[in-house]
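Q: Please walk me through the structure below, one question at a time.

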Amino acid sequence: MSEAMEVDSGKKQKVLTWTEKYRPKTLDDIAHQEEVVTMLKGALQGKDLPHLLFYGPPGTGKTSTALAFCRQLFPSSIFRDRVLDLNASDERGISVVRQKIQAFSKTTLGSSNKEDVLRLKIIILDEVDAMTREAQAAMRRVIEDFSKTTRFILICNYVSRLIPPVVSRCAKFRFKSLPAEVQVQRLRTICDAEGTPMSEDELKQVMEYSEGDLRRAVCTLQSLAPILKNGDESARNCYLRGSSDALLISDLCKTLPSSDVPQIISLTKSITKSCTGVAFIRRCFQQMLDDNLINDENIAVMGKLVAVCEKRILDGCDLENNLLDFLLTLRETIR
């Protein structure tokens with residue numbers, strides 16, 4: 001029986017994605033977020049715990065920090081009874097507040113003492129900035145009504161998308177982008193554990209492609225692993241060179257001022273097939289800064305253009321149409 005269980009657990013271990021397999025398990029494993037880690041360690045000692053709002057760039061450890069804290073706070077035997085983990089981008093309407101969040105908050109766990117953190121229940125609500133304003137307003141009431149028994153850990157990338165009454169009820173912690181050396185060190189640790197050979201330069205390429213998002217970097221590393229283990233140098237170089245999109249962006253910056261509309265439409269279709277919209281716009285902006293195509297005269301217009309196009313894409317607007325609008329406006333600006 002025990003051998004079968006070991007085999008079964010081994011199979012489960014194999015199917016884990018690397019982002020889950022190497023997710024920090026304790027607060028001591030969280031890198032470069034000293035303020036929030038210090039506060040949470042105090043809560044582990046029995047101090048009071050406020051409602052929390054974690055915000056900042058993706059892939060900086062917001063969700064990992066919340067989960068690591070809860071797993072250290074509650075024994076595994078009661079973890080499911082005390083912690084509710086939801087992703088608001090999947091369930092963003094007012095119904096999830098009424099049916100899941102409110103129902104979980106109402107469940108009783110015996111006598112409650114505000115100073116005893118172990119008596120609390122915790123709701124982790126990821127990507128809360130995707131919730132509708134009506135759902136956020138309903139959640140505000142739940143936060144108020146059940147504050148004696150429940151604590152919320154709200155997680156988002158853009159705190160400006162939350163309504164002020166929700167923000168004001170939470171202690172805010174901004175997660176900082178991870179330094180390059182921290183990311184490379186973590187990627188090197190994963191490479192050594194998985195037996196995936198990569199040089200420092202290749203790890204830096206993966207890091208730059210991921211734009212500070214460590215989760216995305218780990219996913220990229222996992223997708224590269226079969227290529228690296230097979231030792232196919234041509235495929236290896238093609239993948240690493242192609243992932244940066246540097247050649248495409250460099251050619252674009254050189255040819256865009258003289259391109260006509262049909263050429264730009266054709267270019268937009270090729271970009272849509274091979275690049276991520278937001279990442280492409282950001283890299284394009286940085287390349288034009290490096291090439292001095294953006295100067296003191298047009299930087300205000302360019303900054304607004306990039307911000308508007310990025311917001312439209314993140315809000316779910318059509319990628320190809322937004323990139324076409326971006327490139328056409330960009331051509332007129334840098335001519």
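A: A helix is expected to span 1.5 Å times one less than its number of residues. Helices (H or I, at least four residues) and strands (E, at least two) are DSSP runs, numbered from the N terminus. Please keep in mind that this is a predicted model: local features need pLDDT of at least 70, side-chain atom pairs count only at pLDDT 80 or more, and totals for chains, interfaces and linings use all residues. Residues are numbered from 1 along each chain as its sequence is written, and side-chain values use heavy atoms, with hydrogens and water left out.

Q: How far apart are the end C-alpha atoms of H4?
A: Helix H4 covers residues 62–73. Its twelve residues should span 16 Å at 1.5 Å a residue.

Q: Why is H4 described as largely enclosed by the rest of the structure?
A: Buried means under 20% relative accessible area, exposed means over 50%, and partly exposed lies in between (1.4 Å probe, protein chains only). The buried residues of H4 are Lys62, Thr63, Ser64, Thr65, Ala66, Leu67, Ala68, Phe69, Cys70 and Leu73. H4 is largely enclosed because the buried residues number ten of the twelve.

Q: What length does H17 reach from its first C-alpha to its last?
A: Helix H17 takes in residues 319–334, which makes 16 residues. At 1.5 Å a residue, 22 Å is expected, and H17 comes close to that with a reach of 22 Å.

Q: How many residues of S3 are buried?
A: Strand S3 runs over residues 121–126. Lys121, Ile123 and Leu125 point one way, while Ile122, Ile124 and Asp126 point the other way, and all are buried. S3 is therefore largely enclosed by the rest of the structure, with a buried count of six of the six.

Q: Which residue stands opposite Asp126 in S3?
A: Two strands pair if DSSP finds at least two bridges between them. Strand S2 (residues 83–87) pairs with S3 in the parallel sense over five bridges. The residue opposite Asp126 is Asn87.

Q: How many residues of S4 are buried?
A: Thr150, Phe152, Leu154 and Cys156 point one way from S4, and Arg151, Ile153 and Ile155 the other way. Every one of these residues is buried. S4 is therefore largely enclosed by the rest of the structure, its buried residues being seven of the seven.

Q: Which residue stands opposite Ile153 in S4?
A: Strand S1 (residues 52–55) pairs with S4 over four bridges, in the parallel sense. Facing Ile153 is Leu52.

Q: What relative accessible area does Ile94 have?
A: Ile94 belongs to helix H6 (residues 94–106). Its C-alpha atom is separated by 8.3 Å from that of Met139, 45 residues apart along the chain. Ile94 is partly exposed, with a relative accessible area of 30%.

Q: Is Gln136 buried or exposed?
A: Gln136 has its place in helix H7 (residues 133–145). Its relative accessible area is 0%, so Gln136 is buried.
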